[in-house]
Amino acid sequence: MPSLLVTSTTSAAIPRVSVNGFPSFLPKEVDKIRDPFARDMAKRIERLPVKISFSTSSIMSSCVKPLQERGTEPVVLLHGFDSSCLEWRYSYPLLEGAGIDTWAVDILGWGFSDLQMVPPCNVAAKREHLYQLWRTYIARPMVLVGPSLGASVAMDFVANHPEAVSKLVMIDASVYAEGTGNLAKLPRIVAYAGVSVLKSIPLRFYANSLALNKGSLQSSWDSMNVGRLHCLQPWWEDATVDFMLSGGYDVGNHVKQIKQETLIIWGQDDKIVSSKLALRLHHELPDSTLVQIPGCGHLPHVEKPELVVQYILKFIRHE
């Protein structure tokens, strides 16, 4: 699909042409995914124009938005590092079914936005993009939910725009890493070589096996295909290298500054971010509640969606 240059921001999405029910801007490999929840959610992805200061035209930004606004406190779901809104394929329908105005938003540089004219994808750009999307389409305090690196995105956002966030939910939060470390010092040609490996099937399959506690070979393969789909976008390597060389997120100094009521959810069997950091985060966040889920890995919203949604709903409703 050709790039669409938009000179003014409107509240309407650009019309899309469907292929087998999927938006035409998704990689054709989406049709190989067998998971019915991923397929259903992929069919609902649309692009909304978001005007930002660092581009002369609006960025057509991918997300899944509520079918009908109910006027409830909006819940905005971010995703983890190098992922997409499809990460929420199991939890999103449960939140929506509970009557919650739910958004699943792709972070700038990942997901399925139109980035043919690749903008900066550093921390400041990701923050501004999320803020402008919120200001244009949501415009009321939200419950911001961030899993893994998405928790760093959420923490950076709330530290800079506290008026936009009523409550915070962090899931297996990667908030104590000090950016991308030595990767930020790589020569650009070496960074591109590393990023090309990042989307390889063997590495993605291995990362998927680390993130999820268990699953059949077929379900693990399908989950890998879901998690890798956005890497097939033509701009993905450029955007990922830009983020890597920018230094990434270093938000540890923000933790004690967060004033919003916060729910921390953690899989006790997380092989990627130690559950010991859950206790540290709970101790350092002044107004937080910690829930640990036994028998669960790094992605509770994928492995245990019913439990995660139950905890989020209780948190929102103060039950």
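Visitor: Which residues of E7 are buried on one side, and which on the other?

Guide: Met142, Leu144 and Gly146 are buried on one side, with Val143, Val145 and Pro147 buried on the other. Buried means under 20% relative accessible area, exposed over 50%, partly exposed in between (1.4 Å probe, protein chains only). Strands (E, at least two residues) and helices (H or I, at least four) are DSSP runs, numbered from the N terminus.

Visitor: Before I go on, what are the ground rules?

Guide: This is a predicted model, where local features need pLDDT of at least 70, side-chain atom pairs count only at pLDDT 80 or more, and totals for chains, interfaces and linings use all residues. Residues are numbered from 1 along each chain as its sequence is written, and side-chain values use heavy atoms, leaving out hydrogens and water.

Visitor: OK, which strands pair with E7?

Guide: E5 (residues 75-77) pairs with E7 in the parallel sense over 3 bridges, and E8 (residues 165-171) runs parallel to E7, joined by 6 bridges. Pairing takes at least two DSSP bridges between strands. Leu77 sits opposite Val145, and Pro147 opposite Ile171.

Visitor: Switching topic: how many residues are in the largest nonpolar core?

Guide: It has 58 residues, and Leu144, Met170, Val175 and Leu281 have the most contacts inside it. Such a core is a set of buried Ala, Val, Leu, Ile, Met, Phe, Trp, Tyr and Cys residues joined through side-chain atoms within 4.5 Å.

Visitor: And which helix gives the largest share?

Guide: H3 (residues 123-138), with 8 residues. A second, separate core of 37 residues includes Val143 and Phe315.
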